[in-house]
Amino acid sequence: DDETVKKNDEKGYDEKEESESDNDNDDDDEMEDADVGDSKSKDPTQLVMKAVSHKEEGNQHFKSGDLTKAYRCYRRGTSALKNLNQNNTGDDQVKALLLSLQTNLSMVSFKQDKPKMSR
């Protein structure tokens with residue numbers, strides 16, 4: 001019985017270690033989800049600043065050729081602004097920034113040869 005318990009303990013440890021390594025790949029998704037959740041609790045000025053920051057970061061990734069990271073940054077920026085422009089009621093600054101982010105998303109999708117996503 002002691003040997004069976006020891007094997008199960010070792011197996012449980014390995015499974016836990018594997019699941020932790022799988023979770024490492026989800027960090028970007030969790031950060032994106034956190035950005036979306038934050039958009040409900042922050043004031044509009046902070047959300048616009050966060051979206052501008054994501055856009056600038058995305059621009060840097062785009063210039064360096066890392067289109068996947070650029071796409072993520074632009075998507076985070078649009079997610080941060082989503083609640084500020086419900087039913088197209090945001091102010092002109094929010095609308096212009098959202099339009100810019102969405103245009104950048106479209107360009108990244110086009111360059112990644114995903115024309116359906118670039119609409």
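Let me start with a term: a residue is buried when its relative accessible area is under 20%, exposed when over 50%, and partly exposed in between, using a 1.4 Å probe and protein chains only. By that rule, 27% of the 119 residues in this chain are buried.

Two quick notes on the source. This is a predicted model, where local features need pLDDT of at least 70, side-chain atom pairs count only at pLDDT 80 or more, and totals for chains, interfaces and linings use all residues. Residues are numbered from 1 along each chain as its sequence is written, and side-chain values use heavy atoms, leaving out hydrogens and water.

Now the layout. The chain has 5 helices and 0 strands. Here helices are DSSP runs of H or I with at least four residues, strands are runs of E with at least two, and numbering starts from the N terminus. So the order, by that definition, reads α-α-α-α-α.

Next, contacts. Contact means heavy atoms within 4.5 Å. Of the contacts in the chain with a separation of 6 or more, 58% join residues 24 or more positions apart.

Let's look at one helix pair, α4 and α5. Their axes come within 9 Å and cross at roughly 155°. Axes are lines fitted to C-alpha atoms, for helices over the stretch in contact, and angles run from 0 to 180 degrees between N-to-C directions. That crossing angle makes α4 roughly antiparallel to α5; the label applies to angles over 145 degrees.

Who meets whom? From α4, the residues include Leu67, Tyr71, Tyr74 and Leu81. From α5, they include Val94, Leu98, Leu101 and Val108. By class, this contact has 11 nonpolar, 5 polar and 2 charged residues. Nonpolar covers Ala, Val, Leu, Ile, Met, Phe, Trp, Tyr, Cys and Pro; charged covers Asp, Glu, Lys and Arg; the others, Gly among them, are polar.

Between these helices there is a loop. Asn85 lies in the loop between α4 (67–81) and α5 (92–111). Is Asn85 buried or exposed? Buried, with a relative accessible area of 13%. Leaving aside residues up to four places away in sequence, Asn85 touches Gly90, Val94, Lys95 and Leu98.

Last stop: the segment after α5, where Met117 lies. Met117 is partly exposed, with a relative accessible area of 47%. With residues up to four places away in sequence not counted, Met117 touches Tyr71 and Ser109. Met117 and Met107 are 10 residues apart along the chain, and their C-alpha atoms are separated by 9.6 Å.

Note on methods. Parallel < 35°, antiparallel > 145°, perpendicular 65-115°, else oblique.
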